Amino acid sequence: MHLPLRLGTRGSPLALTQARMVAAALRAAHGWRDDDIVIVPIRTSGDRIQDRALAEVGGKALWTKELDRALLAREIDFAVHSMKDVETIRPAEIAIAAMLPRADVRDRLIGADSLAALRPDPVIGTSSPRRSAQLRRERPDVTITLFRGNVDTRLSRLNLGEADATLLAAAGLDRLGRPEIGVAIPIEQMLPAPAQGAVGIEALAANAAVREGLAAIDDGATSRCVAAERALLAALGADCRSPVAALAVAAAGGLRLRAEILAEDGAECVAGEALLPGAAIDGGADARHAAALARDLLGRASPALRALFTG
């Protein structure tokens, strides 16, 4: 493998923090020097466009397409992503090569001690269809206002009084060294987004040397859980407009995969779970069980809810 390796990443403070985590893990695993990995920040469309919802301007590809282009052009050797921002269907030339150990998967509420403690008719800032639907289910009196941008942008808007509260991923706040911000919402109340809390690394599928080097830092348990959640998304035919939550965790006999799909107004929520048997990753079998759960959820959903999915 030719060193130094070029690590592509978005340029936000959180993205750069995650990139440094990956670089540190690789250096530790291989005994590399600091200058054996060069971090290459790349500004994405998602970083530039912050006044509209993702669904209006191209979906999750806004976070990945510039990094994909750089990877395919061999301007970088691998790319680091927050896995919840990575589209379910990826180019055939690009492979998910590794994931770091998953962090706290919960959402954190900033602005109140709990959803119940919010004032009547509260305004909540978020851009997530999943969070919006879950909030409306828990608090039908809530009004949603669009909050996009990085952590500091959202916190600044909250401090300016544009909303009573907002939600951010606990993993991101923790990685930025700000664990004191907000109150964690139990997953029994707000199941997280698929792949939330996971940092993934992609490389060219044909670049065996780089993929082998990245595999040294792969956390197998995280990779299996996230793969199952992404298989569920694929079977649902979900996109960035689809309110869907999912979480796979280790359980006796395999993985326990929980999921829910929601109407945009939160009035309908269809939830279910499945056991993915086996102690080790079996991509084919896990995907079949995840797909069966997706069919069960869609089968119990109303026509209006099913229309939010193409599976």
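**Figure 1. Strands β6 and β7 lie parallel.** Strand β6 (residues 123-125) pairs with β7 in the parallel sense over three bridges. Two strands count as paired if DSSP finds at least two bridges between them. Strands (E, at least two residues) and helices (H or I, at least four) are DSSP runs, numbered from the N terminus. Isoleucine 124 has isoleucine 144 in β7 as its bridge partner. This is a predicted model: local features need pLDDT of at least 70, side-chain atom pairs count only at pLDDT 80 or more, and totals for chains, interfaces and linings use all residues. Residues are numbered from 1 along each chain as its sequence is written, and side-chain values use heavy atoms, with hydrogens and water left out.

**Figure 2. Five strands form an open sheet.** The order is β7-β6-β8-β5-β9, and the pairing is mixed. Which strands stand at the edges? They are β7 (143-145) and β9. Each has a single partner strand, so one side of each is left without a neighbour in the sheet.

**Figure 3. Strand β5 pairs with β8 and with β9.** β5 meets strand β8 (residues 165-169) in the antiparallel sense, over four bridges. Arginine 108 has leucine 168 in β8 as its bridge partner. The pairing of β5 with strand β9 (residues 183-184) is also antiparallel, over two bridges. Here leucine 109 stands opposite valine 183. Now look at the side chains of β5 (residues 107-110). Asp107 and Leu109 point one way, Arg108 and Ile110 the other way, and all are buried. Buried means under 20% relative accessible area, exposed over 50%, and partly exposed in between (1.4 Å probe, protein chains only).

**Figure 4. Strand β1 runs parallel to β2.** Five bridges join β1 to strand β2 (residues 37-41). Arginine 6 has valine 38 in β2 as its bridge partner. Strand β1 (residues 5-9) is mostly covered, with four of its five residues buried.

**Figure 5. Helix α8 has a buried side and an exposed face.** Val210, Gly213 and Leu214 are buried in helix α8 (residues 208-215). Why do they lie on the same side of α8? They cover an arc of only 100° around the axis, which puts them there. The arc is that of the directions from the helix axis to the C-beta atoms. Ala208 and Glu212 are exposed, on the face turned away from the buried side.

**Figure 6. The second largest pocket is lined by 10 residues.** Its volume is about 180 Å³. The lining residues closest to the pocket's centre are Ile96, Met99, Ser223, Ala227 and Arg230. The elements giving two or more residues to the lining are β4 (94-99) and α9 (220-236). α9 gives the largest share, five residues. The lining divides into seven nonpolar residues, two polar and one charged. A pocket is an open set of points on a 1 Å grid over the protein atoms alone, where a 1.4 Å probe fits, with protein on both sides within 12 Å along at least five of seven lines; lining residues have an atom within 4 Å of a point.

**Figure 7. The structure holds zero disulfides.** A disulfide is a pair of cysteine sulfur atoms within 2.5 Å. Cysteine 240 counts as buried, at 15% relative accessibility. Cysteine 269 is partly exposed, with a relative accessible area of 30%.

Conventions:
Points joined across faces, edges and corners; volume = space filled by probe spheres on them. Nonpolar A, V, L, I, M, F, W, Y, C, P; charged D, E, K, R; others polar.
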